[in-house]
Amino acid sequence: MDRLRQIVGTEHMIEDAERRDFFSTDLSWRPGEVADAVIQPASIEELAASVQLVTQEGRAVVARGGGMSYTSGYTPVEKNSVLVDMRRMNRILEINEDDMYVIVECGCTWKTLHEALSPLGLRTPYWGPLSGAYATVGGALSQNSLFHGSGTGGTAAESVLGLKVVLADGTVVSTGSWGHKHGSPFWRHFGPDMTGIFLADTGAMGIKAAAALRLVPAPKHTGYLSYRFDTLAAMLAAQVRIARLGIASECYGFDPYYNAGFEKQGITFEEGLSIVGKIARKGGLKGLKRAAKVAFGGKKILKDVPYSLHMTLDGLTEGVAAEHTDLAAEICVEEGGTEMASSIPTVFRNAPFGGVRTILLGSDGEIWIPVHGYFPLSVAVKAAEATEKFLAERKPLMEKHGIKTSYLTCFSGPEFVIEPSFYWRDALGPFRLSLIEPEFAEKWKDIPADEERRAVALGLRDELRGLFDSLGALHLQIGKYYPYQEMMADGTLVHLLKGVKSVVDPQRRVNPGSLGL
């Protein structure tokens, strides 16, 4: 511990029990261990020296980004672990407009990166989750994630050109063309894809220190659409057709409960003013019109809507954006949709990294925890119908315990995602309370713990995970929750996975338990 203090500085080593417990907690409700210490390195050199020291002592080392994991991605499973809070490594090291890449330290948030690139008319193909004000680049690359830009740009991992990774023994390795002795990180596939080993690994293979990400021109024009549908099948039919065309940067659907919850929870007055102002400033006269729509639409936009689909459709020219918008609108009408005010996609695009209260909690302060499945488009309707059947069959149990559900549908390129969520009244705890506005934290801080209700909700989540797996679901954010190895049909692949782990981390000291390793 003394030597760790010398490396990172006493002020950047956390040892008091309350803060160690805070940093060792995620959103999953799964029991874990509390780290013995939390360190906050400021450079690759400090990170590498710390990792080398910790693993030489036989301790586990686990990296933590913004803390948004709900699958125990960074929660320690061993006593005597050391947690690495990556958020001091938050610099943007290079923006290369000629070769179209950016190099960023992995503790940088997606919001910070986006705000640095926007004035240059650039962005990464995937440019962050809704929680991007907190979520870090390294966290998203470890867990893999999707939302902003995913409809056309894929998941977080697909934007990566190369990485600098600290291995278990403190060695720093550079991947892709970054590994060339005279090279730069402009190309990922220089020989076998060694970069891919460290992506979507939930931090099991090493600690990502820096990433080189592809840049693309930011769209100059965007179309916004929202449609209501009377049935799930109709909404999904439209969503799948739009996904196959590859024209929507974001396209997400809400079920009735999600619509009602979003309607009730809304946004604070201050957020609303800020969002309307941003829309007006960014879009000139068109921006003023869009801002007026948002302002006058108010919170009644989803009132009594069964299913709703929301889209942003980008283009470098006004004609392309308009054509994509018209194509999507035609599809929605053909599938029985009715156009509604497009306030939701307009707000999400123009204020992409707002507060996370509406993501992390129900409208009355309920605990939120999701489970998801990642499917080919051909399975979208089957997976969604199976979800509705599952929830309907368990409705009496959920009503007995006051458990509510919702689900979100979206796509990443030609892959379909359904993410049901469970909500119940339970103690929020210090971590969740720290992420929401003070007035809501004060309002909900005394909600009592309800272990019985929690056990039922988590049991239902596990059941739904099993149902998805029976339908062939894959998963983002695997962490320590999804049984990755058990889902593999071929033991050879698991053997290969373990072999790679044995090379980069022979003593299994980096995030033990992740991916089942």
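The model is predicted, so local features need pLDDT of at least 70 and side-chain atom pairs count only at pLDDT 80 or more, while totals for chains, interfaces and linings use all residues. Residues are numbered from 1 along each chain as its sequence is written, and side-chain values use heavy atoms, with hydrogens and water left out. A search of the whole structure finds 26 salt bridges. The count of disulfides is zero.

**Cysteines**

- A disulfide is a covalent bond between the sulfur atoms of two cysteines.
- Here the term is applied to a pair of cysteine sulfur atoms within 2.5 Å. By this rule there are zero disulfides.
- Cys251 is in no disulfide. The nearest cysteine sulfur belongs to Cys332 and is 7.1 Å away.
- Cys251 is buried, with a relative accessible area of 2%. Buried means under 20% relative accessible area, exposed over 50%, and partly exposed in between (1.4 Å probe, protein chains only).
- For Cys410, the closest cysteine sulfur is in Cys251, at 8.9 Å, too far for a bond.
- Cys410 is also buried, at 7% relative accessible area.

**Salt bridges**

- A salt bridge is a side-chain nitrogen of Lys or Arg within 4 Å of a carboxyl oxygen of Asp or Glu.
- Glu33 pairs with Lys79, with the closest N and O atoms 3.3 Å apart. This pair links distant parts of the chain, 46 residues apart. Glu33 is in the loop between α2 (17-23) and β2 (37-39), and Lys79 is in the loop between β3 (61-64) and β4 (82-85).
- Helices (H or I, at least four residues) and strands (E, at least two) are DSSP runs, numbered from the N terminus.
- Glu33 is partly exposed, at 25% relative accessible area. Lys79 is exposed, at 60%.
- Arg509 forms a salt bridge with Glu78, and the closest N and O atoms are 2.8 Å apart. Arg509 sits in the segment after α19 (491-504), and Glu78 in the loop between β3 and β4, 431 residues apart.
- Arg509 counts as buried at 12% relative accessibility. Glu78 counts as partly exposed at 26%.
- Asp314 bridges to Arg349, with the closest N and O atoms 2.9 Å apart. Strand β14 (residues 307-315) holds Asp314, and helix α11 (residues 343-350) holds Arg349, 35 residues apart.
- Asp314 and Arg349 are both buried. Salt bridges that share partners join Arg123, Glu250, Asp314 and Arg349 into one network.

**Nonpolar cores**

- A nonpolar core is a set of buried Ala, Val, Leu, Ile, Met, Phe, Trp, Tyr and Cys residues joined through side-chain atoms within 4.5 Å.
- The largest core has 109 residues, and Leu213, Ile242 and Met311 touch the most other members.
- Helix α7 (residues 232-245) gives the largest share of this core, eight residues.
- Contact means heavy atoms within 4.5 Å. Leaving aside neighbours within four places in sequence, the contacts of Ile242 include Cys251, Met311, Cys332 and Phe411.
- Another core, of 21 residues, lies apart from the largest one. Among its members are Met13, Val61, Val84 and Ala168.

**Thr325**

- Thr325 lies in helix α10 (residues 318-334). Thr325 is buried, with a relative accessible area of 12%.
- Leaving aside neighbours within four places in sequence, Thr325 is in contact with Gly223, Leu225 and Leu313.
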